Amino acid sequence: MDYLCNLILPGAPKSGTSTLHTALAEHPEICMSRPKEPWFFFGDRFKGGSEAHNALFSHSEDKSRVFGESSQGYFADHESMQRIADSLRQPKIILLLRNPVDRALSQYRYDVRRGIETDPLDKALKERGEDPSLIWDERVSFFRNVGGYYALSRYSEIVPQWQTLFGTENILLIQAEQYHADPAAILTRCHRFLGLTPISHVPLSAQTRNATSDTKRKVMPGPVRAVARLVPSGLKSSRLYRRLRGTVLQGITPPTPEKPGQATMRIMQENLVQEIAFHDGLKET
(Lines give C-alpha, C1' and ligand atoms only; values in the text may rest on other atoms or scores of the structure.)
Protein backbone atom coordinates (compact mmCIF):
# COMPACT_ATOMS: atom_id res chain seq x y z
CA MET A 1 0.00 0.00 0.00
CA ASP A 2 1.33 3.44 -0.93
CA TYR A 3 1.48 6.35 1.45
CA LEU A 4 -1.32 8.86 0.90
CA CYS A 5 0.69 11.75 2.35
CA ASN A 6 2.08 14.13 -0.25
CA LEU A 7 2.52 17.30 1.83
CA ILE A 8 4.72 17.99 4.86
CA LEU A 9 4.74 21.18 6.96
CA PRO A 10 7.71 20.68 9.31
CA GLY A 11 7.99 24.22 10.76
CA ALA A 12 9.98 26.22 11.61
CA PRO A 13 8.89 25.83 15.24
CA LYS A 14 7.00 28.83 16.69
CA SER A 15 6.42 30.30 13.24
CA GLY A 16 2.69 29.74 12.80
CA THR A 17 2.63 26.28 11.22
CA SER A 18 -0.39 25.26 13.32
CA THR A 19 -2.40 28.17 11.94
CA LEU A 20 -1.39 27.34 8.37
CA HIS A 21 -2.21 23.66 8.90
CA THR A 22 -5.75 24.55 9.99
CA ALA A 23 -6.25 27.03 7.16
CA LEU A 24 -5.08 24.59 4.49
CA ALA A 25 -7.51 21.99 5.82
CA GLU A 26 -10.40 24.24 4.76
CA HIS A 27 -9.68 23.67 1.07
CA PRO A 28 -12.13 21.01 -0.21
CA GLU A 29 -9.32 19.04 -1.87
CA ILE A 30 -6.91 19.08 1.06
CA CYS A 31 -7.05 16.63 3.94
CA MET A 32 -4.74 17.53 6.83
CA SER A 33 -3.85 14.86 9.37
CA ARG A 34 -5.53 14.24 12.70
CA PRO A 35 -3.68 14.78 14.94
CA LYS A 36 -1.81 17.71 13.47
CA GLU A 37 1.59 16.57 14.83
CA PRO A 38 1.90 12.77 14.64
CA TRP A 39 5.73 12.83 14.57
CA PHE A 40 5.45 9.56 12.63
CA PHE A 41 8.91 9.71 11.02
CA PHE A 42 10.78 10.89 14.13
CA GLY A 43 13.15 8.83 16.27
CA ASP A 44 11.90 5.55 17.68
CA ARG A 45 8.30 6.53 16.90
CA PHE A 46 9.01 5.44 13.33
CA LYS A 47 7.79 1.91 12.74
CA GLY A 48 7.53 2.16 8.98
CA GLY A 49 4.64 1.14 6.80
CA SER A 50 1.96 3.17 5.10
CA GLU A 51 -1.05 1.64 6.81
CA ALA A 52 -0.49 3.37 10.15
CA HIS A 53 0.35 6.69 8.52
CA ASN A 54 -2.62 6.55 6.16
CA ALA A 55 -4.87 6.18 9.19
CA LEU A 56 -4.12 9.84 9.96
CA PHE A 57 -6.35 10.66 6.99
CA SER A 58 -9.24 8.31 7.71
CA HIS A 59 -11.55 11.36 7.77
CA SER A 60 -10.72 12.28 4.14
CA GLU A 61 -13.37 12.61 1.45
CA ASP A 62 -13.39 11.23 -2.08
CA LYS A 63 -12.37 14.59 -3.56
CA SER A 64 -9.23 14.88 -1.42
CA ARG A 65 -6.09 15.17 -3.55
CA VAL A 66 -3.58 16.52 -1.06
CA PHE A 67 -2.85 14.76 2.24
CA GLY A 68 -0.66 16.70 4.65
CA GLU A 69 0.80 16.51 8.12
CA SER A 70 2.71 19.04 10.23
CA SER A 71 5.29 17.80 12.75
CA GLN A 72 7.88 20.34 13.86
CA GLY A 73 10.16 17.59 15.13
CA TYR A 74 11.14 16.97 11.50
CA PHE A 75 12.39 20.50 10.86
CA ALA A 76 16.06 20.16 11.86
CA ASP A 77 16.22 16.36 12.13
CA HIS A 78 18.02 14.88 9.14
CA GLU A 79 17.00 11.32 10.01
CA SER A 80 13.33 12.31 9.80
CA MET A 81 13.95 14.11 6.51
CA GLN A 82 15.58 11.00 5.04
CA ARG A 83 12.76 8.74 6.19
CA ILE A 84 10.21 11.06 4.58
CA ALA A 85 12.22 11.05 1.35
CA ASP A 86 12.48 7.25 1.40
CA SER A 87 8.78 6.70 2.21
CA LEU A 88 6.79 9.32 0.31
CA ARG A 89 6.66 9.79 -3.44
CA GLN A 90 7.73 13.33 -4.40
CA PRO A 91 6.00 15.12 -1.52
CA LYS A 92 5.61 18.89 -1.43
CA ILE A 93 7.25 20.67 1.50
CA ILE A 94 6.08 24.03 2.87
CA LEU A 95 8.48 25.78 5.25
CA LEU A 96 7.12 28.73 7.22
CA LEU A 97 10.07 30.81 8.45
CA ARG A 98 9.78 33.55 11.06
CA ASN A 99 12.34 36.26 11.81
CA PRO A 100 15.09 34.14 13.44
CA VAL A 101 15.48 36.31 16.55
CA ASP A 102 11.72 36.56 17.10
CA ARG A 103 11.40 32.80 16.61
CA ALA A 104 14.11 32.05 19.17
CA LEU A 105 12.56 34.40 21.73
CA SER A 106 9.11 32.93 21.16
CA GLN A 107 10.45 29.42 21.73
CA TYR A 108 12.18 30.51 24.93
CA ARG A 109 9.04 32.21 26.27
CA TYR A 110 6.97 29.14 25.36
CA ASP A 111 9.35 26.81 27.18
CA VAL A 112 9.35 29.04 30.26
CA ARG A 113 5.54 29.14 30.30
CA ARG A 114 5.44 25.34 30.05
CA GLY A 115 7.83 25.06 32.98
CA ILE A 116 10.52 23.16 31.09
CA GLU A 117 12.93 26.11 30.83
CA THR A 118 14.12 27.51 34.14
CA ASP A 119 17.38 29.23 33.17
CA PRO A 120 17.64 32.95 32.40
CA LEU A 121 17.73 33.67 28.66
CA ASP A 122 21.43 34.59 28.56
CA LYS A 123 22.43 31.32 30.24
CA ALA A 124 20.08 29.21 28.10
CA LEU A 125 21.45 30.76 24.91
CA LYS A 126 25.07 30.32 25.95
CA GLU A 127 24.81 26.74 27.22
CA ARG A 128 22.12 25.19 24.98
CA GLY A 129 21.38 27.63 22.20
CA GLU A 130 23.08 25.52 19.56
CA ASP A 131 21.73 22.15 20.73
CA PRO A 132 18.77 21.17 18.49
CA SER A 133 18.22 17.76 20.12
CA LEU A 134 14.85 16.62 21.38
CA ILE A 135 14.27 14.40 24.40
CA TRP A 136 11.22 12.63 25.77
CA ASP A 137 10.02 14.35 28.93
CA GLU A 138 7.75 12.28 31.15
CA ARG A 139 6.55 15.44 32.90
CA VAL A 140 4.85 16.66 29.74
CA SER A 141 4.42 13.22 28.13
CA PHE A 142 5.99 14.43 24.90
CA PHE A 143 9.25 15.43 23.26
CA ARG A 144 10.82 18.76 24.12
CA ASN A 145 13.82 20.69 22.92
CA VAL A 146 16.91 20.67 25.09
CA GLY A 147 17.47 24.20 23.86
CA GLY A 148 18.10 24.96 20.21
CA TYR A 149 17.12 28.61 20.39
CA TYR A 150 19.84 29.46 17.87
CA ALA A 151 20.02 26.04 16.18
CA LEU A 152 16.37 25.99 15.08
CA SER A 153 16.79 29.43 13.54
CA ARG A 154 19.72 28.30 11.35
CA TYR A 155 17.66 28.50 8.16
CA SER A 156 20.68 28.83 5.86
CA GLU A 157 21.83 25.38 7.05
CA ILE A 158 18.48 23.61 7.47
CA VAL A 159 16.63 24.68 4.31
CA PRO A 160 19.35 23.40 1.91
CA GLN A 161 19.02 19.94 3.49
CA TRP A 162 15.34 19.86 2.54
CA GLN A 163 16.09 21.21 -0.92
CA THR A 164 18.79 18.62 -1.56
CA LEU A 165 16.56 15.70 -0.55
CA PHE A 166 13.32 16.83 -2.21
CA GLY A 167 14.35 19.23 -4.97
CA THR A 168 14.06 23.01 -4.88
CA GLU A 169 10.96 22.86 -7.09
CA ASN A 170 9.15 20.87 -4.39
CA ILE A 171 9.94 23.31 -1.56
CA LEU A 172 7.85 26.42 -0.87
CA LEU A 173 9.49 28.96 1.44
CA ILE A 174 7.16 31.41 3.14
CA GLN A 175 8.03 34.31 5.39
CA ALA A 176 5.77 33.98 8.42
CA GLU A 177 5.33 37.74 8.62
CA GLN A 178 3.99 37.82 5.07
CA TYR A 179 1.48 35.11 5.92
CA HIS A 180 0.15 36.97 8.93
CA ALA A 181 0.02 40.26 7.00
CA ASP A 182 -1.82 38.83 3.98
CA PRO A 183 -3.08 35.28 4.60
CA ALA A 184 -5.22 35.29 1.46
CA ALA A 185 -2.25 35.91 -0.81
CA ILE A 186 -0.07 33.30 0.88
CA LEU A 187 -2.85 30.69 0.88
CA THR A 188 -3.27 31.30 -2.84
CA ARG A 189 0.47 30.67 -3.28
CA CYS A 190 0.17 27.44 -1.29
CA HIS A 191 -2.83 26.21 -3.29
CA ARG A 192 -1.13 26.91 -6.62
CA PHE A 193 2.09 25.28 -5.37
CA LEU A 194 0.00 22.20 -4.61
CA GLY A 195 -1.64 22.25 -8.06
CA LEU A 196 -5.05 23.26 -6.71
CA THR A 197 -7.50 25.99 -7.58
CA PRO A 198 -7.38 28.63 -4.81
CA ILE A 199 -10.55 29.01 -2.75
CA SER A 200 -12.41 32.29 -3.10
CA HIS A 201 -12.68 33.06 0.64
CA VAL A 202 -10.16 33.44 3.43
CA PRO A 203 -10.85 30.95 6.25
CA LEU A 204 -11.24 32.54 9.67
CA SER A 205 -8.53 30.20 10.90
CA ALA A 206 -6.10 31.87 8.49
CA GLN A 207 -6.74 35.25 10.04
CA THR A 208 -6.07 34.20 13.64
CA ARG A 209 -2.59 33.67 15.00
CA ASN A 210 -2.07 30.51 16.96
CA ALA A 211 -2.06 31.20 20.69
CA THR A 212 -0.48 28.53 22.84
CA SER A 213 -2.91 27.36 25.48
CA ASP A 214 -1.86 27.98 29.06
CA THR A 215 -2.85 24.38 29.83
CA LYS A 216 -0.90 22.70 27.04
CA ARG A 217 1.64 20.13 28.26
CA LYS A 218 2.73 21.98 31.38
CA VAL A 219 5.17 20.55 33.88
CA MET A 220 3.07 19.67 36.90
CA PRO A 221 4.59 19.56 40.40
CA GLY A 222 5.18 16.03 41.70
CA PRO A 223 2.37 16.10 44.30
CA VAL A 224 -0.13 17.31 41.70
CA ARG A 225 0.91 14.54 39.29
CA ALA A 226 0.56 11.99 42.09
CA VAL A 227 -3.00 13.10 42.81
CA ALA A 228 -3.85 13.11 39.09
CA ARG A 229 -2.76 9.46 38.82
CA LEU A 230 -5.36 8.52 41.42
CA VAL A 231 -8.22 9.89 39.35
CA PRO A 232 -10.10 7.03 37.60
CA SER A 233 -9.48 7.02 33.85
CA GLY A 234 -13.21 7.26 33.18
CA LEU A 235 -13.38 10.63 34.96
CA LYS A 236 -10.44 12.17 33.12
CA SER A 237 -12.59 12.77 30.04
CA SER A 238 -15.27 14.58 32.05
CA ARG A 239 -15.85 18.31 31.69
CA LEU A 240 -15.40 18.86 35.42
CA TYR A 241 -12.00 17.13 35.50
CA ARG A 242 -10.78 19.12 32.46
CA ARG A 243 -11.96 22.34 34.05
CA LEU A 244 -10.21 21.56 37.36
CA ARG A 245 -7.04 20.51 35.56
CA GLY A 246 -7.05 23.69 33.50
CA THR A 247 -7.50 25.81 36.63
CA VAL A 248 -4.58 24.08 38.36
CA LEU A 249 -2.30 24.42 35.34
CA GLN A 250 -3.27 28.04 34.88
CA GLY A 251 -2.32 28.67 38.49
CA ILE A 252 1.15 27.09 38.21
CA THR A 253 2.04 28.62 34.83
CA PRO A 254 5.10 30.87 35.21
CA PRO A 255 4.76 34.48 34.04
CA THR A 256 5.94 35.42 30.55
CA PRO A 257 9.61 36.53 30.68
CA GLU A 258 10.31 40.21 30.26
CA LYS A 259 11.65 41.52 26.97
CA PRO A 260 15.45 41.05 26.74
CA GLY A 261 17.68 44.06 27.23
CA GLN A 262 19.49 45.79 24.38
CA ALA A 263 22.76 43.96 25.06
CA THR A 264 21.11 40.52 24.81
CA MET A 265 19.20 41.52 21.68
CA ARG A 266 22.44 42.72 20.08
CA ILE A 267 24.17 39.41 20.88
CA MET A 268 21.27 37.43 19.39
CA GLN A 269 21.25 39.55 16.24
CA GLU A 270 25.01 39.14 15.83
CA ASN A 271 24.75 35.37 16.29
CA LEU A 272 21.94 35.13 13.75
CA VAL A 273 23.03 37.78 11.24
CA GLN A 274 23.30 35.26 8.39
CA GLU A 275 19.89 33.81 9.20
CA ILE A 276 18.31 37.26 9.36
CA ALA A 277 19.63 37.94 5.85
CA PHE A 278 18.28 34.56 4.66
CA HIS A 279 14.86 35.30 6.14
CA ASP A 280 14.71 38.84 4.79
CA GLY A 281 15.62 37.52 1.34
CA LEU A 282 12.33 35.61 1.25
CA LYS A 283 10.52 38.94 0.66
CA GLU A 284 11.92 38.87 -2.85
CA THR A 285 10.75 35.35 -3.72
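## About the model

Residues are numbered from 1 along each chain as its sequence is written, and side-chain values use heavy atoms, with hydrogens and water left out. Because this is a predicted model, local features need pLDDT of at least 70 and side-chain atom pairs count only at pLDDT 80 or more, while totals for chains, interfaces and linings use all residues.

## The chain as a whole

Let's start with the overall picture. The chain holds 12 helices and 7 strands; helices (H or I, at least four residues) and strands (E, at least two) are DSSP runs, numbered from the N terminus. Of its 285 residues, 48% count as buried. Here buried means under 20% relative accessible area, exposed means over 50%, and partly exposed lies in between (1.4 Å probe, protein chains only).

The accessible surface of the chain is about 14400 Å², and carbon and sulfur atoms account for 51% of that surface. These areas come from the Shrake-Rupley method with a 1.4 Å probe, and for residues only the protein chains shown count as cover. Among contacts between residues at least 6 apart in sequence, 76% join residues at least 24 apart; contact means heavy atoms within 4.5 Å.

Helix H1 (17-24) is mostly covered, with 6 of its 8 residues buried. The buried residues are Thr17, Thr19, Leu20, His21, Ala23 and Leu24. They pack against strands S1, S2, S3 (66-69) and S4, and also against helices H7 (176-181) and H8.

H1 and H8 pack at an angle of about 65°, and their axes are 11 Å apart. Axes are lines fitted to C-alpha atoms, for helices over the stretch in contact, and angles run from 0 to 180 degrees between N-to-C directions. The crossing of the two is right-handed; a crossing is right-handed if the near helix is turned clockwise from the far one by less than a right angle, and left-handed if anticlockwise. On the H1 side the contact involves Leu20, Ala23 and Leu24, which meet Leu187, Cys190 and His191 of H8. By class, this contact of H1 with H8 has 5 nonpolar residues, 1 polar and no charged. In this scheme Ala, Val, Leu, Ile, Met, Phe, Trp, Tyr, Cys and Pro count as nonpolar, Asp, Glu, Lys and Arg as charged, and the others, Gly among them, as polar.

## Helices H3 and H6

The axes of H3 (residues 78-87) and H6 (residues 155-166) come within 10 Å and cross at roughly 20°. That makes H3 roughly parallel to H6, a label for angles under 35 degrees; over 145 counts as roughly antiparallel, 65 to 115 as roughly perpendicular and the rest as oblique. H3 passes H6 in a right-handed crossing. H3 contributes His78, Met81, Gln82, Ile84 and Ala85 to the contact, and H6 contributes Ile158, Gln161, Trp162, Leu165 and Phe166. These divide into 7 nonpolar, 3 polar and no charged residues.

Also in H6 is Ser156, which counts as buried at 19% relative accessibility. Leaving aside neighbours within four places in sequence, Ser156 is in contact with Gln274, Glu275 and Phe278.

## Backbone features in the loops

Most residues other than glycine have a negative phi, and most peptide bonds are trans. Two cis peptide bonds are worth a visit here. One runs from Gly11 to Ala12, with omega near 15°, and Ala12 sits in the loop between strand S1 (7-8) and H1. Another joins Arg34 and Pro35, with omega of about 5°; Pro35 is in the loop between strand S2 (30-32) and helix H2 (50-54).

The loop between S2 and H2 also holds Trp39, a residue other than glycine whose phi is positive, near 55°. Trp39 counts as buried at 2% relative accessibility. Gln90, in the loop between H3 and strand S4 (92-97), has a positive phi of about 50°, but Gln90 is exposed, with a relative accessible area of 70%.

## Gly49

Gly49 lies in the loop between S2 and H2 and is partly exposed, at 40% relative accessible area. Beyond neighbours within four places in sequence, Gly49 is in contact with Tyr3 and Phe40. The C-alpha atoms of Gly49 and Ser87 are 8.3 Å apart, although 38 residues separate the two along the chain.
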